[in-house]
Number of protein chains: 2
Amino acid sequence: MIESLHFKKVAIIGVGLIGGSLALVLRRKGLASEITGIGRGLPNLEAAKRLGVIDSFTRDIADGVKDADLVVVAVPVLKIADTIRQAAPNLKPGCIVTDVGSVKASVIEAVGPVMPAGAHFVPGHPIAGTENSGVEASFPELFIERKCILTPTAKTDPAALKAVKGIWEEAGSTVVEMDASVHDMILAAVSHLPHMIAYTLVNTVGDIEDSGVDALGYSAGGFKDFTRIASSSPEMWSDICAMNKEQILKTIDAFRRRLESLRELIEKEDLSALKTEFDRAKNLRDSLIKANPKETA
Amino acid sequence: MIESLHFKKVAIIGVGLIGGSLALVLRRKGLASEITGIGRGLPNLEAAKRLGVIDSFTRDIADGVKDADLVVVAVPVLKIADTIRQAAPNLKPGCIVTDVGSVKASVIEAVGPVMPAGAHFVPGHPIAGTENSGVEASFPELFIERKCILTPTAKTDPAALKAVKGIWEEAGSTVVEMDASVHDMILAAVSHLPHMIAYTLVNTVGDIEDSGVDALGYSAGGFKDFTRIASSSPEMWSDICAMNKEQILKTIDAFRRRLESLRELIEKEDLSALKTEFDRAKNLRDSLIKANPKETA
């Protein structure tokens, strides 16, 4: 813990599940004297104030960040840079700006030119979330025993990085620093690719439905678990495709090569090689559960 | 319900989750006077008797089916025909033989030549299961509010079909009759393809792990849900690949074409078309949950 980790004024731009939960952490841990919420939807901002997540709110970004020591940008990845551009004229010298976007390299690239001199950007990504969104879903325990990845660059201010690291540690997360491109490659593999596959699978079955055969009516629990992530926000995921395009294309290609070779084994009826493939996957999957007994199998 | 749905002697070959649970249904509903379990592993058979699932057991298939009015073949799909071949010499005239295999056309084809004249084969597939296997996992409610698919052919004895339908209705299932090839196409889409994809995805991430990057350490709940089915039995799934090869290859190809076109949209950064694709999948997935509120989302 950092002795002096305290902010007089914090501005949270985007008071949803992540922004709201982080505000609750700052409050509970006494890390902020005042928290202002900034957003577009009045009902959500009013709910945030009523729930005690924020002290005040505004829909004007530049107005809201005035005098803030810490600005948390918790908006969709495609909007992060433009949000900071709007905030820029009023960011005070020494102000720390951090984001929670699930793509990092392209965010860093877009944010670079719009950050005013004297303010410090620390790119971050807490690996946390639930099925629900909006401030009503927020709770301060969201980040406990989760990982938070920070992707500083050579230009990142060391004191600002230390402060943001301290915040996420106070939230209960394990903070890991890595290069933005490594982050984007890892997230493409364990999150972005599975979403692309789930959407594609559901639409493949949808084609069969369209041909007049009720296939979905015969799906069991496995299919429902498997396709749960296909219920994720289409807008958020088309944005992520744009922002992490190169890494997503790479993982799709790696997946296609593997599927192609599996297809060949099925075609050849090479049961022994198929079993070896399935065994490898089962062992990996089982080890993942053993490493995280907290998670459900 | 059929007035006269009662069997003097039932033989269950393979007293695992499905076979054991069906035995418990027959017992609870008073449909059988005597139930014999047939299997290869003594400890499982002993447990089945101790738990009251069966009255007696033997490891000799031909011996166990002697005098049986109903034989339930609940062994892995690849072994169904050979199991019936071993039972054949002792199947009494009028005996009903039914299976619970998750592939139907190739099972019907393989069973045809080994069924003795006078005994009646009714191909079936209860769409039910849990994470657990073995007789200890069996319970009579397993089939309640599930679908059971029967795939009779032109040769199937109508009275035998009616009896097997009655058993599954007594178990609490909705019985649907369809052509074996339609069954195999539907199951390839909603079960076999998802398993192939889950195994392939986990192995794709495994390749990244092998390259020295800890990707799995950053996976969240979505990845774990998505890949749960990759923990399924490698042996069972390589067998299913062999038995439903043509339909699985077809659905893999349909999936590959869809993934290819999604890849193109990402490459072109056509966010509007991507959103349309994701919307379609989300609507289909959400409708599936609405249609089955009993299931978790």
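Student: Which residue in S9(A) is the bridge partner of A:Lys147?

Tutor: The bridge partner is A:Thr174. Keep in mind that this is a predicted model.

Student: How do you know that S8(A) and strand S9 of chain A count as paired?

Tutor: At least two bridges are needed for two strands to pair. S8(A) and strand S9 (residues 174–177) of chain A are joined by four bridges, so they meet that requirement. The two strands run parallel.

Student: What makes S7(A) and S8(A) a pair, and in which sense do they pair?

Tutor: Three bridges join S7(A) and S8(A), and the cut-off is at least two. The sense of this pairing is antiparallel. A:His125, for example, stands opposite A:Ile149 in S8(A).

Student: What holds paired strands to each other in general?

Tutor: Strands of a sheet pair through backbone hydrogen bonds, in either the parallel or the antiparallel sense.

Student: What makes strand S3 and strand S6 of chain A edge strands?

Tutor: First take the sheet: six strands of chain A lie in the order S3-S2-S1-S4-S5-S6, with parallel pairing, and the sheet is open. Strand S3 (56–58) and strand S6 (120–122) each pair on one side only, and that makes them the edge strands. From one strand to the next, the twist averages 20°.

Student: How many bridges link strand S4 and strand S5 of chain A?

Tutor: Four bridges link strand S4 (residues 70–73) and strand S5 (residues 96–99) of chain A, in the parallel sense.

Student: Why is helix H9 of chain A called largely enclosed?

Tutor: A residue is buried if 20 or more other C-beta atoms lie within 10 Å of its own. Seven of the ten residues of helix H9 (residues 234–243) of chain A are buried, so the helix is largely enclosed by the rest of the structure. Among them are A:Trp237, A:Ile240 and A:Met243.

Student: Which helices do the buried residues of H9(A) pack against?

Tutor: In chain A they pack against helix H5 (105–111), helix H7 (180–210) and helix H10 (245–267). H10 and H11 of chain B are packed against as well.

Student: Is A:Glu145 buried or exposed?

Tutor: A:Glu145 has 11 other C-beta atoms within 10 Å. The limit for exposed is 12 or fewer, so A:Glu145 is exposed. Its place is in the loop between strand S7 (124–126) and strand S8 (147–150) of chain A.

Student: What makes the phi of A:Glu145 worth a remark?

Tutor: Most residues other than glycine have a negative phi. A:Glu145 is not a glycine, yet its phi is positive, about 60°.

Student: Why is B:Asp67 called partly exposed?

Tutor: B:Asp67 has 13 C-beta neighbours inside 10 Å. Exposed requires 12 or fewer and buried requires 20 or more, so a residue in between is partly exposed. B:Asp67 also has a positive phi, near 70°, and is a residue other than glycine. B:Asp67 is found in the loop between helix H3 (61–64) and strand S4 (70–73) of chain B.

Student: How do you know how the two copies are related?

Tutor: A rotation of 180° superposes chain B on chain A, with 0.0 Å of shift along the axis and an RMSD of 0.0 Å. The two copies are thus related as by a two-fold rotation axis. The same surface serves both copies, as 100% of the contact residues of chain B recur in chain A.

Student: How many residues of each chain are in contact with the other?

Tutor: 76 residues of chain B are in contact with 76 residues of chain A. H7(B) gives the largest share of the side of chain B that touches chain A, 20 residues. That side divides into 43 nonpolar, 13 polar and 20 charged residues.

Student: Which residues have the most contacts inside the largest nonpolar core?

Tutor: They are A:Ile12, A:Val71, B:Ile12 and B:Val71, in a core of 202 residues. Leaving aside residues up to four places away in sequence, A:Ile12 touches several residues, including A:Leu22, A:Ile35 and A:Val72.

Note on methods. Residues numbered from 1 in each chain as written. Chains lettered and ligands numbered in written order. Predicted model: local features only at pLDDT ≥ 70, side-chain atom pairs only at ≥ 80, totals over all residues. Least-squares fit on C-alpha atoms with pLDDT ≥ 70 in both. Contact = placed C-beta atoms within 7 Å. Axes fitted to C-alpha atoms, helices over the stretch in contact; angles between N-to-C directions. Nonpolar A, V, L, I, M, F, W, Y, C, P; charged D, E, K, R; others polar. Core = buried A, V, L, I, M, F, W, Y, C linked by C-beta atoms within 7 Å.
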